[in-house]
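Visitor: I would like to learn how to read a protein structure. Please show me one feature at a time.

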Amino acid sequence: MTAAGVPARMRSWLVDAVPGGVVGRRLGLMAAVDAVGTGAFLAVSVVFLTRTVGLSAAQVGLGLTLSAAIALLSTVPVGALADRYGPRRMIVICSLWRGACFAVYPLVDSFAVFVIVMCVLGLVDKTAPPLEQALVAQAVPEPDRVRMMAVLRVLLNVGFTVGALVGSAALLVDTPTAYMAVLLANGASFVAVAVLAARMPLLTEHAGSVRRSMSLRVLRDRPYLALAVLNALLTLHMTLLAVGMPLWITQHSRAPVAVVAVLLAVNTVLAVTFQIRASRRAETTQGAVRSLRLASVSLAVCCLLLALVPPLPAVLAVAVLLLGMLALTAGELLQAAGGWSLSFSLARAGQQGAYLSLFWLGVSVQQILAPVVVVGVISVGPLGWVGLAVVFVLTGLLVPVASAWAQRERAHEVAREAAKQPTDSGRAVPEVARQPVRDDDLAMTSTAG
């Protein structure tokens, strides 16, 4: 193959692999730009704050905790605003907000300034995933949405890896100027995302039919809340990967410490390779429920394998840990696909922003609480892993129950709405038809950018 043929092949692959045409490719580019900037930032941020600014580890942790707490309170209201004004518009606003915060990040010179910046950033810091998913719901045809989310997940993984390499280069240079350059580049990446989102074409027939509203009714939707909690329990695989397995390997196994990096690399490669394939059977509600049940079984198997590790010699321990990582990765891929599909299909029409934000809020809560849970499991020992396996199995058994509950509620709502509408079309006009079409509802014909 000639060098000139490589870009052509790459463009052909993007056209075939990314659903949604130009809309899908624009979403993919947004995800990649965001991930590269964020990956680079994560690689240098703590070093910048501790070595350049002079903050202690405790001060950095407190600032991050405050930011996360504010994010928990703001995520669903921002999602409700997305229902009122459109997810595209809110992505533009939140991206510019984040860009401005990271533009002033290099000016942090004290703990007080750091706390202020992190609190302001926290108002929008956890809004990107649900807003992006709401935009997918509005810009991508329904049959392609789960596949589109899988493609975005792959691009995020690749982007984080590339960004981490960029951040590592700054760590090698190890100067305040290098760190500030990465911080500013991260801010610029959010501006780029805002520009790309602002020029995103939408589906005319979908965007024009959405009833614009702003409601926090999702907080009273008990079946959807139950599904969000169950999905959050299954996202515990994130903390198992980042905290649980490394600590268990280094403190309770005879495997060499270097195996941690190898297993993380295996997870990354498998996630990039198989995420799209894992999403194919989760495009229906039934398929999504099946994916989450299989995810619960895979994660339970991972826990049971980890429980076997401590007495094993090094070679056997590495083999069992590899099997455990395969099970963990399978659970990760299946949970992601099932979660996307259920959160799409069971969200109320016109309120996808609030509903998807609630679904992602469960993930944020898990990320805050799970490290304590996982450390507690490790402190108990093998029986702790067995107990966690039981939790995963029970979660998988409850998913179809909660899904059926949510589907019954949606069916009852449809029946009630139908009963309210007079049979004579001249006597009443459906509420959707009375809603004015906003400029954000109209499809944009320009695809440049």
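Visitor: Is Val117 buried or exposed?

Guide: First, the ground rules. This is a predicted model, in which local features need pLDDT of at least 70, side-chain atom pairs count only at pLDDT 80 or more, and totals for chains, interfaces and linings use all residues. Residues are numbered from 1 along each chain as its sequence is written, and side-chain values use heavy atoms, with hydrogens and water left out. Now the term: buried means under 20% relative accessible area, exposed means over 50%, and partly exposed lies in between (1.4 Å probe, protein chains only). Val117 has a relative accessible area of 11%, so Val117 is buried.

Visitor: Where is Val117 placed?

Guide: Val117 is in helix 5. Helices (H or I, at least four residues) and strands (E, at least two) are DSSP runs, numbered from the N terminus.

Visitor: Which residues is Val117 in contact with, leaving aside its neighbours within four places in sequence?

Guide: Contact means heavy atoms within 4.5 Å. By that rule, Val117 touches Cys101, Val104, Tyr105 and Val108. Look also at Ser67. Val117 and Ser67 are 50 residues apart in sequence, yet their C-alpha atoms are 8.9 Å apart in space.

Visitor: How many helices and strands does the chain have?

Guide: The chain has 17 helices and 0 strands. Buried residues make up 48% of its 449 residues. Now take the contacts between residues at least 6 apart in sequence: 87% of them join residues at least 24 apart.

Visitor: How do I read a pair of aromatic rings?

Guide: Such a pair is described by the distance of the centres and the angle of the planes. Rings of Phe, Tyr and Trp (its six-membered ring) pair if their centres lie within 6.5 Å; planes under 30 degrees apart are stacked, over 60 edge-to-face, and the rest tilted. The count here comes to 8 aromatic pairs. Phe41 and Phe102 form one that is edge-to-face, with 4.8 Å from centre to centre and 70° between the planes. This pair links distant parts of the chain: Phe41 is in helix 2 (residues 21–53), Phe102 is in helix 4 (residues 87–104), and they are 61 residues apart.

Visitor: Are Phe41 and Phe102 buried or exposed?

Guide: Phe41 is buried at 10% relative accessible area. Phe102 is buried too, at 4%.

Visitor: Why is the pair of Phe41 and Tyr105 edge-to-face?

Guide: The planes of Phe41 and Tyr105 stand at 90°, with the ring centres 5.4 Å apart, so the pair is edge-to-face. This pair also links distant parts of the chain: Tyr105 lies in the loop between helix 4 and helix 5 (111–122), 64 residues from Phe41 in helix 2. Tyr105 has 1% relative accessibility and counts as buried. Ring pairs join Phe41, Phe48, Phe102, Tyr105 and Phe190 into a cluster.

Visitor: How do I read two packed helices?

Guide: Use the angle between their axes and the distance between the axes. Axes are lines fitted to C-alpha atoms, for helices over the stretch in contact, and angles run from 0 to 180 degrees between N-to-C directions. Helix 3 (residues 57–85) and helix 15 pack at about 165°, with axes 7 Å apart.

Visitor: What is that orientation called for helix 3 and helix 15?

Guide: Angles under 35 degrees are roughly parallel, over 145 roughly antiparallel, 65 to 115 roughly perpendicular, and the rest oblique. Helix 3 and helix 15 are therefore roughly antiparallel. Residues that meet there include Leu72 and Val76 in helix 3 and Leu358 and Leu361 in helix 15.

Visitor: Which helix pair is oblique?

Guide: Helix 6 and helix 15 are oblique to each other. The axes of helix 6 (residues 128–139) and helix 15 (residues 352–380) come within 8 Å and cross at roughly 140°. Pro129, Pro130, Gln133 and Ala134 of helix 6 make the contact with Gly353, Leu356, Ser357 and Trp360 of helix 15.

Visitor: What should I know about phi?

Guide: Most residues other than glycine have a negative phi. Asp174 has a positive value, near 55°. Asp174 lies in the loop between helix 7 (145–173) and helix 8 (176–198). Its relative accessible area is 31%, so Asp174 is partly exposed.
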